[in-house]
Amino acid sequence: MAVSLENKKKLQAVCRLLFVLYSITIIYFLIFSDSFGRGHGYDVMRYNLEPFVEIKRFIKYRDSLTTTSVMLNLVGNVLAFVPFGMLIRFVRKKPTGFFTAMLLSFMFSLCIELVQLVTRLGVFDVDDIIMNTFGGIIGYIIYYILARIDRKRRKEIEKQ
């Protein structure tokens, strides 16, 4: 019993809609959200170009920082991009390999960081790019595993 073309198109349409909603949400929280200190810009451009500096700082001083702050900066940056990695295949309308998903996750994160830098509504942080890209990779791996499980399941059903 193969998945019908109509069901496949419906799934792709739903995933594209989810991707658009996800992108709007990410852009809002990372650029405009007052709850993340983005409502009022900085007087100067702020940036961190040295890899792992902020990651190490949040790990080293985790006891003197709030749990929320540590979780948002370390875990939140990764988890925020998991949906990107899971949905990018459906948005592209063509097969998307691991390296393409990684590159697109990197580029999306870089664009957000550049907007934060230029608008001064955030801090350009290379560590955020690293963690966001890692989140996209995790999302792609989850998609890949689920797709393989689904293909195996469908093959077993077809054999019966």
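## Basis of the model

The model is predicted, so local features need pLDDT of at least 70 and side-chain atom pairs count only at pLDDT 80 or more, while totals for chains, interfaces and linings use all residues. Residues are numbered from 1 along each chain as its sequence is written, and side-chain values use heavy atoms, with hydrogens and water left out.

## Overall fold

The protein chain contains six helices and two strands. Helices (H or I, at least four residues) and strands (E, at least two) are DSSP runs, numbered from the N terminus. Read from the N terminus, the order of elements is α-β-α-α-α-α-β-α. The C-alpha trace spans about 65 × 30 × 25 Å along its principal axes.

Among contacts (heavy atoms within 4.5 Å) between residues at least 6 apart in sequence, 74% join residues at least 24 apart.

Of the 160 residues in the protein chain, 31% count as buried. Buried means under 20% relative accessible area, exposed means over 50%, and partly exposed lies in between (1.4 Å probe, protein chains only).

S105 belongs to helix α5 (residues 98-119). With a relative accessible area of 0%, S105 is buried. Not counting residues up to four places away in sequence, S105 touches F81, F84, T133, G136 and I137.

## Salt bridges

The model has four salt bridges, each defined as a side-chain nitrogen of Lys or Arg within 4 Å of a carboxyl oxygen of Asp or Glu. In helix α1 (residues 5-32), K10 and E6 lie four residues apart, about one turn of the helix. Their side chains form a salt bridge at 3.3 Å, N to O. K10 counts as partly exposed because its relative accessibility is 48%, whereas E6 counts as exposed at 52%.

In helix α2 (residues 53-60), R57 and E54 are three residues apart, about one turn of the helix. The salt bridge between their side chains is 2.7 Å, N to O, and R57 is partly exposed, with a relative accessible area of 34%.

Helix α6 (residues 126-159) holds D150 and R154, four residues apart, about one turn of the helix. Their side chains meet in a salt bridge of 2.7 Å, N to O. D150 is partly exposed at 24% relative accessibility, and R154 is partly exposed at 23%. A network of salt bridges links D150, R153 and R154.
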